[in-house]
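User: Hi! Could you walk me through the charged pairs in this model, and then one of the strands?

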Amino acid sequence: MQPKSSNDASEHRAMKRMLWSMLRIRIVEETIADRYGDQEMRCPTHLSIGQEAIAVGVCTALRDDDWAVSSHRAHAHYLAKGGSLQAMISEIHGKSAGCSRGKGGSMHLVDLDAGFLGSTAIVANSIPVGVGAALTAQLRGSKRVTAVFFGDAAIEEGVFHEAVNFAVVRNLNVLFVCENNQYSVYSGLKVRQPSARTISSFAAGYGLPVYEEDGNDVVKVNTLASQVLNRIRSDGGPCFIEFATYRWREHCGPHFDNDLDYRSHDEVNAWMDRDPIALAVSSFGCEEGLVARWRQSLQQEVDSAFDLARQQPLPDRAEMSSQVYA
């Protein structure tokens, strides 16, 4: 057997790092789901279990000084961009040590040190925020890219179209990342959009480069994201990627909702068979027992974050009006 070249070894390390990151996100969200019934996390929470490959693949391709914004389903993007796990878990518990000082909860995450500018609860609301950040970078003469994560329902909001049009007109360095998980709450695309029109065609109509890829294959996600980011940095201007994926659990909350019959069991099972973590394990050829060891150590890290969050104080009443804008 020929020894691996330095490039091969580096690529293998990068793949393992992406697998580790996906597994970490999965364990964090599974633990949130398992503990949600304890009634100590009193905010709504939108889990992205099954969608981890997009967050990890894209954020791994971003530079440390690049920016990112997200939507209500933001845990994976926040963590993949380097956001503090402890600050996130504390925030979900409403504690003063949380990343939004306990005032925002699961849907309002921010870590400026990691370049994660924030997430917001209203569908499509963070898209113009990300475009505004890209305008700031342009005015400062910076080549940094802003990644804007959103779901398939966001393309049905007017602000999506206004923001994309503005980004094209101003030639801003924005990577629009659409996580098409097929549903807006309980409504599939076929009852929301004409059958002959795709999400990508919406974006293409504004004249920016558009790409589509399998959002459950982290290697494909990372490869395409890296290529597109290189194009943005070299040529300038926005690009759009639509990733096909699927959320395993209910739209909002910790449970599975297959009993509601808005999507078939066959459909759910087919997507779960394409678990992005299982696909990565199969693709990377990890040594025996590695994932089990990672899972054990990651679970300890997550449990410690939960234990510390439970011990932390709630925000003081005197802070109720601070950092709140109207």
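User: Is R26 buried or exposed?

Analyst: R26 is buried, with a relative accessible area of 3%. Buried means under 20% relative accessible area, exposed over 50%, and partly exposed in between, using a 1.4 Å probe and protein chains only. A word on the source: this is a predicted model, where local features need pLDDT of at least 70, side-chain atom pairs count only at pLDDT 80 or more, and totals for chains, interfaces and linings use all residues. Residues are numbered from 1 along each chain as its sequence is written, and side-chain values use heavy atoms, with hydrogens and water left out.

User: Thanks! Which residue does R26 meet in a salt bridge?

Analyst: That would be E52, at 2.5 Å from N to O. A salt bridge here is a side-chain nitrogen of Lys or Arg within 4 Å of a carboxyl oxygen of Asp or Glu. R26 sits in helix α1 (residues 6–35) and E52 in helix α2 (residues 52–61), so the pair ties together parts that are 26 residues apart in sequence. Helices (H or I, at least four residues) and strands (E, at least two) are DSSP runs, numbered from the N terminus.

User: And what is the relative accessibility of E52?

Analyst: E52 has 0%, which counts as buried. R26 and E52 are also linked with D275 in a network of salt bridges.

User: How many salt bridges are there by this rule?

Analyst: The count is 13. Among them, R233 pairs with D66, with the closest N and O atoms 2.5 Å apart. This pair links distant parts of the chain, 167 residues apart: R233 is in helix α8 (residues 218–235), while D66 is in the loop between α2 and β1 (67–70). R233 is buried at 12% relative accessible area, and D66 is buried at 0%.

User: What about R263, which residue does it form a salt bridge with?

Analyst: R263 pairs with D257, and their closest N and O atoms are 3.2 Å apart. R263 is buried at 3%, and D257 counts as buried at 3% too.

User: Switching topic: which way do the β1 residues point?

Analyst: W67 and V69 point one way and A68 and S70 the other, and all are buried. In a regular strand, side chains alternate between the two faces of the sheet.

User: Which strands is β1 joined to?

Analyst: Three bridges join β1 to β3 (residues 146–151), running parallel, and W67 stands opposite T146 in β3. Three bridges also join β1 to β2 (residues 116–119), again parallel, with V69 opposite G118. Two strands pair if DSSP finds at least two bridges between them.
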